[in-house]
Amino acid sequence: MEMSQYLGMFIEEARDHIQSLNDNMLKLEESPDDLQLINEIFRSAHTLKGMAGTMGFVNMQKLTHAMENVLAAARDGKLKVNPNIMDVLFKTVDALEEYLDVIVATGTEGQETNSHLVNALNAILGKPAEDMAVSSAPKAGKKHEYDEFVVRAIERAWTQGFNVYKFNVELDQNCLLKSARAYLVFRAVEEFGEIIHSKPSVQDIEDEKFDFEFSITVVSKQPIEKIRERILSISEIREVKALEIKSGEVERAEEKEEVEEVHQEHYVQETVKVVRQQKQETLQKTSKTVRVDIERLDVLMNLVSELIIIKSRIEGLAKKYNDRQYEESIEYLERITTSLHDAVMKVRMVPVERVFSRFPRMMRDLARELGKEFELVMSGEDTEVDRTIVDELGDPLIHLLRNAADHGIEDPEERVKNGKPRSGLIKLCAYHDGNNVVIEVEDDGKGIDLEKVKQKAIEKGLLKEDQIDLSEQEIIDFLFMPSFSTKDKVTNLSGRGVGLDVVKTKIEQLGGMVEVKTQKGKGTKFIIRLPLTLAIIQALLVTVHDEIYAIPVASIREIVDVAKEDVKVVQKGKEIIMLRNQVIPIKHLHSIVGLEPLLDKKKFTVVIVRRGEKLTGIIVDKLLGQQDIVIKSLGKYLEGIRLISGATILGDGSVAMILDPNMLTV
Amino acid sequence: MEQYLIFRLADEHYGLNVNHIENIEKLMPITRVPHTKEYVKGVINLRGEIVPVIDLREKIGVEKEEFGEETRILIVNWKGEFKVGLIIDEVLDVVYLSKEDFDQATRDRNEFKFSIAKYSGMLINIINLEDVLFEKAEEV
């Protein structure tokens, strides 16, 4: 069977289910008696099992099956959830996630059977694995469990002289269209009687969410053997176990299964139809959203970008004609392209929840691992960011959160000694600020010991001992230096430093920046500022000789004109200007991009760019003005040019380089 | 039998397997990209796509010359990963070459190795695209 087209769907959906497993299990840990939650978790596990089965991921299926058994026991009140059980369940979910990762990478689930987990899960139930293998198989002498409605239907059938049979149908392993096969079985059985119950549900069977077995309960006046033979006459049926249910063998299930929420009156007459109808309603509800491949959105985005470029070009032409009607149409075009652009951007936006959602689980584990007590409080999960940014955010945030837990939050005893609440607080929040998205990671721990950082910097030879009058910011900057964080020594340092350079690099690649605020004894706050979107930015176009360059407006603080004599040369030929009593180092764009110096000028135009708190003045030839530009990649062949962050196409079709402001300030 | 595009660089004939070639473009404005190798002339706007352009003469060490009327940019696609434009002096022909057309001998020119094919009296230096697009190990 051609599976590849379903693989993407499987992966997306499995991720959702694993996420909701994690979420709900965290909640369950808080309130272990919440049956609603257990039910929800059970359902996710059940669906995962079915999906894995359909895709032929046997190991994954076995593991979810064992998990489902435990959850079923908990749901039926046969088992009480305790922390040990939760740990095993969490580990199981981790293992499922690992399967998924392997599936993403290779398309197969790999060889890992996770038998220790399967055993651990079975051990919880106190039963060897085999016993649990076929939970739906009818066993002689065992009571048959149905919910209220079915039980009543069965009882009524008996009083009317019907027999009640249960058939356990096993399809051939090579069967391709399982649901079609099952449909034939249903149809065949309906020639003899009414199907009053099926397991899994009709909907799940239709969706092929079952392995190779399903069971149906039938009321009929025909002999059981006749029906069984009729089922067996359908091809690709491997086996049919038939069983007559006698009175006294039926038990009411306490929980209603989702499938069976059907009104009693219709039951015997119209079971299948009603269930189908109901399921259609739920289907309609879910089909309001569509999953779209991000590449398709990229194509759409590119087309919109093209449209914006050609629009600018037409605008330029329109000025020549000076025709009112023409101008009006252009204005209209302008409005449409702007709205279209906004709309496409919105489609690409996803809530940061996508990354945030895995953190509560991570922090729970981390607290246990470190033997610390802290709480993670998240806010602004619904803040939306461009999809490409969200996907890249995970690693830096994990880094910062780990840092906060590991280096920031003190041991409970130490906290109490310092008059702080025993349990620490780590806050993760996201919000919009103009054209930026801000994400803050804040802890109420001990803060960064700047004195130690300074010592470290001197040790590393980054700082001379006589350079003592550094600002707080300058000291903090050391933390982000790649050479500052070496594995062996930094862990001795009470402050941070582990991998912060990685965090910074990643955020800067995304066109953002990181700031740190820290107070000794009070805590530390990392502030990440990111552009809302990567594709279109406001830029200032400047020239040097006949070349045009774009500088992102977000990183420009101001533009000043400076007389030649006000540019002072300080040590080693470095140039500076004084701006409102602040020393600002100066660079010439011509030398940055490797061109000849400009002709002698009496006045310079200086674009002051900032990176964090650091300012640098860039002397440019001329300013052309500000406009929206579409960022395009220079492509793989030219990657690695640090100064240039991309290119853009101008209104006249020519290409301009976009300068990376982070590189300008170095 | 495979198809080759035959083109001219200075007074020599070169060939490139057409499977690599997406389009042949006339010369268009090229925007310089700072801090790149000398032979990288910059990027062009190929119908909305930014494509780097390299001067094949400079890359393989043929003497530099002003671009002329017949100068073309061959847009080649490297395994679907990226596109590069190769500036050549003149497109001559597209021909079928079979194994028999190739010489046993190869020709070394600077650090490049060309297979040699004969076609209606012409000697054609067949270019290995990988050599042209990627730097030799010692340069990296």
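Author: What follows starts at the contact between the chains and then turns to ring pairs and salt bridges.

The model is predicted. Chain A gives 21 residues to the contact, and chain B gives 21 residues. Together the two chains bury about 1700 Å². Carbon and sulfur atoms account for 66% of that area.

Start with Pro52(B). This residue sits in strand β5 of chain B, which spans residues 49–55. Pro52(B) has a relative accessible area of 2%. The cut-off for buried is under 20%, so Pro52(B) counts as buried. Its contacts reach into both chains. Arg32(B) is 20 residues from Pro52(B) along the chain, and their C-alpha atoms are separated by 9.5 Å.

Two salt bridges are found across the interface of chain A and chain B. Five residue pairs are in polar contact across the interface, counting pairs with both residues at pLDDT 80 or more. On the chain A side, the elements giving two or more residues are β15 (547–552), β23 (644–649) and β24 (655–659). The largest share, three residues, comes from β23(A). By type, this side of chain A divides into 14 nonpolar, three polar and four charged residues.

Now the rings. The count over all chains is twelve aromatic pairs. One of them is Phe210(A) with Phe214(A). Their centres are 5.7 Å apart and their planes stand at 85°, so the pair is edge-to-face. Phe210(A) and Phe214(A) are both buried. Tyr637(A) pairs with Phe82(B) in a tilted arrangement, 5.5 Å centre to centre with 40° between the planes. That pair crosses between chains. Tyr637(A) lies in the loop between β22 (622–630) and β23 of chain A, and Phe82(B) lies in strand β7 (residues 82–88) of chain B. Tyr637(A) and Phe82(B) are both buried. Ring pairs join Tyr637(A), Trp78(B), Phe82(B) and Phe134(B) into a cluster.

Arg361(A) and Asp94(A) form one, with the closest N and O atoms 2.9 Å apart. Arg361(A) is in helix α15 (residues 359–370) of chain A and Asp94(A) is in helix α4 (residues 83–106) of chain A, so this pair ties together parts 267 residues apart in sequence. Arg361(A) is buried at 6% relative accessible area. Asp94(A), at 26%, counts as partly exposed. Both belong to a network of salt bridges that also links Glu29(A), Asp87(A), Arg364(A), Asp365(A) and Arg368(A).

Glu170(A) and Arg238(A) give another bridge, at 2.8 Å from N to O. Glu170(A) is in strand β2 (residues 163–171) of chain A and Arg238(A) in strand β5 (residues 237–245) of chain A, 68 residues apart. Glu170(A) counts as buried, at 16% relative accessibility.

In chain B, Arg57(B) forms a salt bridge with Glu65(B), the closest N and O atoms being 3.6 Å apart. Arg57(B) is buried at 3% relative accessibility, whereas Glu65(B) is exposed at 51%.

Note on methods. Residues numbered from 1 in each chain as written. Chains lettered and ligands numbered in written order. Predicted model: local features only at pLDDT ≥ 70, side-chain atom pairs only at ≥ 80, totals over all residues. Heavy atoms only, no water. Helix = DSSP H or I, 4+ residues; strand = E, 2+ residues; numbered from the N terminus. Buried < 20%, exposed > 50% of the residue type's maximum accessible area, 1.4 Å probe, protein only. Contact = heavy atoms within 4.5 Å. Buried area = accessible area lost by both parts, 1.4 Å probe. Salt bridge = Lys/Arg side-chain N within 4 Å of Asp/Glu carboxyl O. Polar contact = N/O pair within 3.5 Å; in protein donor to acceptor, adjacent residues only side chain to side chain. Nonpolar A, V, L, I, M, F, W, Y, C, P; charged D, E, K, R; others polar. Phe/Tyr/Trp six-rings, centres within 6.5 Å; stacked < 30°, edge-to-face > 60°.
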